[in-house]
Amino acid sequence: MQRIFILLLIILSIGCETEIPKRSSLLAYAPLHASAIIQIQNFESFRSELKNNQLLKSFRKPAFKTDFNAFVEYLQYVKPMSKSLLCFNELGKNSFEYTFITKMHPDLIALDSLAKVSTEKITYEGNTITKTTLNNRVNYTFIADSIFVNSSSELLIENCIRSYKKATVSEAMKKVYATIDETKSATILANPKYLQPLLKKLFPNATTNIVSNFGAQAALDVSILPDELSFTGIITANDSLDHSLSSLKNTIPRASKIAKVIPPFFEHFTAVTFDAYEKFHPATKNSLLDALEEVATFSFNGTTFTGFRFISSSNEAFTQLQTKPEISTVRNSKIHKNEDDTLFKDHFTPFINQFDNRHFVILDEYMVFCEPDGLRSLAMLIGMYKDKQTLFYKENYIETIKNLSDESSLLMMVNTEKFKKTFAESAPKKYQKEIASMNLEEYPFATLQFTNEKGSNYAHVHGILKRNTVKPSENTISQLLNVVLDNPAVSNPQFVKNHVTKRKEIIVQDDQNMLYLISTAGKVLWKKEVDGRILGKISQVDLYKNGRLQLAFTTPQSFYVLDRNGNDVQPYPRKAKKSYTQPVAIFDYDKSRNYRFVFTEGNKVDMRDKKLNKVAGFKFSGSENDFINPPQHFRVQTKDYITFQESNGKLHILSRTGKPRITPKKNIQFSDNTMYIHNNLFTTSDRDGNLIQIDSKGQFQTTKLPVEANHDVVMTTKTLVSFFENKLRIKDKTVELDFGSYSKPKLFLIRNKIYVSITDKDARKVYLFDSNAKPIAGFPVFGSSAIDLDNFDKDTQLEAVTKGENNTILVYKLN
């Protein structure tokens with residue numbers, strides 16, 4: 001993971017000897033062992049490009065920029081007319097100084113008349129050094145042969161005086177310098193050995209040791225565009241020094257395809273590709289890897305994974321390893337346990353050093369390993385791979401890789417939003433807050449690519465952080481979240497409102513009676529054990545009339561009200577006298593938040609206010625027969641109606657006080673469906689598939705539906721939906737589905753548009769239709785329960801939540 005810091009540093013900030021070529025004559029004045037040298041082709045253009053880059057402009061006055069500008073304050077008064085060098089050297093542990101070199105001209109220095117400046121002359125070995133104090137910061141200048149050398153260190157100036165006439169340049173520097181593209185605004189020249197201390201200074205909380213041995217010398221041409229920070233160039237290696245890059249010398253690059261198993265919410269990944277494993281790691285003999293073409297390490301959900309990609313799914317590794325013990329199955333893919341701790345250990349150094357191989361899954365030509373704590377995330381990965389919802393299929397990733405070479409030897413990618421916290425924590429404490437607050441939404445990925453030239457000691461390098469505003473294609477579905485619970489879910493997941501963020505969250509219960517609240521980021525905010533299975537849906541109330549919402553629901557034993565942190569609200573929970581047989585009904589007659597809670601125990605009814613006091617004005621306490629559905633409240637014009645359905649077919653239509661308001665003329669052989677108001681009539685269906693409607697005088701209207709027994713109906717005031725066997729009828733349109741075991745259809749009215757959903761629980765397919773029975777593009781999707789549909793997050797697209805496989809919760813975005 002620490003190699004990623006190289007990438008972010010370069011993107012977000014800036015031996016044999018021979019004579020110095022004329023083109024690089026300024027190098028004669030550069031200090032030896034510089035951590036980094038930035039060759040700037042046109043100083044003013046470079047400043048302008050930095051000023052106009054949209055990402056850099058988004059920082060108003062960041063502390064790190066202020067500190068850097070103060071460090072090189074003198075340079076704001078320098079106006080070069082030709083190329084210049086800006087060098088950084090470590091002088092003393094964790095202490096760095098700069099040196100600036102350019103050609104002298106009469107107007108090079110233009111000090112501000114308001115600046116507090118004092119100068120004095122110092123003689124050193126017959127040469128004059130000008131000491132300048134500018135606003136209490138001291139720097140030193142030496143001029144020789146029309147070359148202007150300025151530094152924050154007197155020692156570096158003295159070294160320059162002693163060495164510039166006999167200076168030489170290394171063969172590695174000469175080789176990379178010849179590749180510089182001087183049409184670019186700047187070029188970074190760096191020796192990883194000396195770069196590592198500078199990285200440690202910039203990122204003191206990160207491990208940067210791996211950088212020092214990566215290669216010998218790099219030259220990276222920098223391009224700064226309004227919507228892009230990028231660099232291209234080469235880095236050399238030296239076999240005798242055993243550089244990391246040397247391990248790629250004899251390999252042929254291949255296209256990376258590991259993104260097919262990486263979830264889109266990954267933090268970072270590093271992928272190595274080669275034409276033959278034995279060429280990459282000749283010291284290691286392992287016939288199981290003969291068909292291996294790519295190996296990668298990647299991280300998400302706090303777990304690190306190692307992924308293999310073989311040439312095909314027919315190989316020796318799969319034949320042997322699929323006989324390992326099976327511990328579980330997810331989406332028909334077996335998760336195996338590996339008891340051989342030495343398996344593939346140290347086979348992928350120097351790029352992958354940590355490798356936990358205790359559990360793995362085989363997915364076509366891929367094999368993915370993880371630690372025991374990562375099994376939940378591995379199950380999530382399997383589901384996303386099966387549904388083609390991984391990184392490989394995401395539009396912003398597809399757009400990003402268009403900027404890279406088709407083939408690479410080493411590919412590193414960072415998900416900027418996910419990695420931002422890690423990046424911030426690696427920096428000095430005073431910069432952490434502003435780094436963490438960076439808005440990188442339009443810069444989703446930072447990428448670094450190395451492409452080896454077979455048989456050579458160098459690789460092409462390409463790094464890019466580019467504005468990417470590509471949005472998912474319209475009329476497509478993308479999987480937003482895949483959350484794994486501790487145990488199988490038993491309730492249908494539903495959206496509830498977060499009154500603080502105004503967004504939605506997910507509430508669901510597992511088979512151990514544990515209730516989960518899950519954020520829009522897929523994080524489990526809290527878990528709470530309740531005393532039984534929740535009856536029906538969970539409702540939200542505002543007991544204190546202050547905008548803060550609570551969760552209200554019944555189990556057979558208790559009525560709970562929880563605050564948004566999962567704590568019991570007093571005086572709840574309320575215990576049932578015997579056992580609640582229906583979900584609690586919550587009435588708010590006038591939208592005044594003077595709630596009425598109606599509890600059903602068999603044939604008994606009890607209405608309470610929000611303080612759990614009995615509502616004395618409500619006279620209905622039950623009947624002779626059990627109630628088959630929870631009571632319902634309807635407002636028709638100015639009148640309130642409360643309905644109760646008895647198991648013997650009697651329908652009660654009552655007033656607020658519990659007295660009969662309408663007396664139906666006969667009983668109804670109720671189906672399993674509840675009451676609705678449809679076309680201004682009380683409406684339900686009977687067991688024979690008839691639509692039963694009752695007017696204000698208790699008169700009946702009976703209409704035969706295109707259904708038989710064991711049917712479902714749902715409706716709004718104008719739209720009627722029925723389902724029987726495999727026929728879903730929406731108004732007057734019928735859709736024939738495959739035969740299966742279906743959830744009850746659900747009807748959603750969102751932004752004046754009707755949506756109808758139904759789930760084939762056997763085939764695990766979720767269907768979604770509009771009011772004309774036309775399928776919503778992208779459906780069906782994988783899912784095993786009825787969905788909830790709403791705007792879940794901060795954008796305007798709708799999301800659907802459903803159960804996945806056993807203990808997984810899936811959220812899909814409708815693009």
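Student: Before we start, when do two strands count as a pair?
Tutor: Two strands pair if DSSP finds at least two bridges between them. Keep in mind that this is a predicted model.

Student: What sheet do β33 and β34 belong to?
Tutor: They sit in an open sheet of 3 strands, ordered β32-β33-β34, with antiparallel pairing.

Student: Which strands stand at the edges, and why is one side of each left without a neighbour?
Tutor: Those are β32 (585-587) and β34 (604-609). From one strand to the next, the twist averages 20 degrees.

Student: Switching to β45 and β46: how many bridges join them?
Tutor: Strand β45 (residues 727-730) and strand β46 (residues 733-736) are joined by 4 bridges and run antiparallel. R729 stands opposite T734 in β46.

Student: What happens between the strands of that hairpin?
Tutor: The hairpin of β45 and β46 has 2 residues between the strands, and K731 takes a positive phi near 55 degrees.

Student: New topic: how many disulfides does the structure hold?
Tutor: The structure holds 0 disulfides. Take C160: the nearest cysteine sulfur belongs to C87 and is 9.6 Å away. A disulfide needs the two sulfur atoms within 2.5 Å, so C160 is in none.

Student: Is C160 buried or exposed?
Tutor: C160 is buried, with a relative accessible area of 5%. Another cysteine, C370, is buried too, at 0%.

Student: Last one: how much space lies in the second largest cavity?
Tutor: About 70 Å³.

Student: Which residues line that second largest cavity?
Tutor: Its lining includes V496, K497, N498 and H499, along with L549, L551, D563 and R564.

Student: How many of the lining residues are nonpolar, polar or charged?
Tutor: The lining of the second largest cavity divides into 4 nonpolar, 3 polar and 4 charged residues.

Conventions. Residues are numbered from 1 along each chain as its sequence is written. This is a predicted model: local features need pLDDT of at least 70, side-chain atom pairs count only at pLDDT 80 or more; totals for chains, interfaces and linings use all residues. Side-chain values use heavy atoms; hydrogens and water are left out. On a 1 Å grid over the protein atoms alone, a cavity is a set of points where a 1.4 Å probe fits but cannot get out, and a pocket is an open set with protein on both sides within 12 Å along at least five of seven lines; lining residues have an atom within 4 Å of a point. Grid points are joined across faces, edges and corners, and a volume is the space filled by probe spheres set on the points. Ala, Val, Leu, Ile, Met, Phe, Trp, Tyr, Cys and Pro count as nonpolar, Asp, Glu, Lys and Arg as charged, and the others, Gly among them, as polar. Buried means under 20% relative accessible area, exposed over 50%, partly exposed in between (1.4 Å probe, protein chains only). Axes are lines fitted to C-alpha atoms, for helices over the stretch in contact, and angles run from 0 to 180 degrees between N-to-C directions.
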